[in-house]
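Visitor: I'm new to this one. Can you walk me through it?
Guide: Happy to. Here it is.

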Amino acid sequence: MRFNPPKKILNAILLITSFVIVSLILWNTNSFFRKFKEEERNKMEIWATAQSELLRLSEEQELGNLHLKVFQNNTSTPMILVNADGSYRINNMPDVAAEDEELIARKIATFRSENTPIRIDYQGQLLATLYYGNSEVLNKLKFYPIALLLIIFLFGAVIFFFFKTNKASEQNKLWAGMAKETAHQIGTPLTSLLGWNELLKSELLNPKITTEIEKDIGRLQTITERFSQIGSKPRLEPHDLVEETRHAFEYLRVRSSKLVHFNFHSRVESVEVLLNRSLYNWTIENVVKNGIDAMKGKGDIALEIIPDPPMVHVLISDTGHGIPKTRWNSIFEPGYTSKKRGWGLGLSLVRRIVEEYHQGKVKVLSSGKEGTVMQISLRIKH
């Protein structure tokens, strides 16, 4: 029997494995750091022993080769030897002047916090105290786990955004597929309705009936056309933005409640842009309907067209309750909705149509208690 573990289990296994690997690396690094520090401690204790022998030698006695070898080999660990009489000697600290007592005192305090000082005694009598700091190699090694964690974090972020982008791509394909299937499913009964309407015309019924049916059929055809273009690169053609916007705005005005007051204004008589008429009209309808919903079906909707070469801006304002600034970007994400009922796809489709298909820009220009202003920007055709 073939066993295919669920995707969540695989993700959990991957996460646990990654955590174990990172933990082992950090544990190994920490162990290596402690071992290196112990080795350095042993080296300093040997140096302190050699120094003890030196302090006990008389002026006539010569220093042995072993002692010289110990002193000569230690060139990396910074140290300060403080004698019993208070005098001191510094070693491996080229940037510190022996006359700077204040700096020497600060260094001693630093070394004491890094490593336990080593007492140099002879027959119970204190000869000197050795203060030493971490070598350059040890200091660099101390930051290695941080650098490693940063690299792992960055790598994890890349993986996360890769999967997130991949998931978003899959969702986009799903929505596009659903839209095309919806268009296909509507097409069959729509063709039948066209035939039945022609039959009704021949029955000498009231012409207003068949005219209204034709309007509804035309609306269904428009919806089908819109859905069929989702997921495909739409064809853009030169159109007068003012005329197309006025047409979509007027369509909504006629079919909206009388409690909603519509106001259309354009600072230019015409401006030509590359448009897909069906998708652009859908964009205007979505934004305006979103504004009407925000006003709960009562208030003012205003649309203004402002040329700002090389762009032209379409400003749609409402007198609704407004949008918190923290959600100005979230409202364009698929699935986001403030309604009890709804898919949260309206403004997501608006962004996709404007930015991906028309290479424009849509954003919340302002929002507050007085209402919200949405801005759609498109490039003027030259």
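Guide: First, a term: contact means heavy atoms within 4.5 Å. Helices (H or I, at least four residues) and strands (E, at least two) are DSSP runs, numbered from the N terminus. Residues are numbered from 1 along each chain as its sequence is written. This is a predicted model, where local features need pLDDT of at least 70, side-chain atom pairs count only at pLDDT 80 or more, and totals for chains, interfaces and linings use all residues; side-chain values use heavy atoms, leaving out hydrogens and water.

Visitor: Which strands does helix α3 lie across?
Guide: Helix α3, residues 101–114, lies across β1, β2 and β4. Its direction is at about 105° to β1. Axes are lines fitted to C-alpha atoms, for helices over the stretch in contact, and angles run from 0 to 180 degrees between N-to-C directions.

Visitor: What's the strand order in the open sheet?
Guide: The order is β2-β1-β4-β3, with antiparallel pairing. Two strands pair if DSSP finds at least two bridges between them.

Visitor: How many bridges join β3 to β4?
Guide: Five. Asp121 stands opposite Leu126 in β4.

Visitor: And what sits between β3 and β4?
Guide: Two residues, in a hairpin. Gln123 in the turn has a positive phi of about 55°.

Visitor: What about β1 and β2?
Guide: β1, residues 79–83, pairs with β2 over four bridges. Leu81 has Arg89 as its bridge partner in β2.
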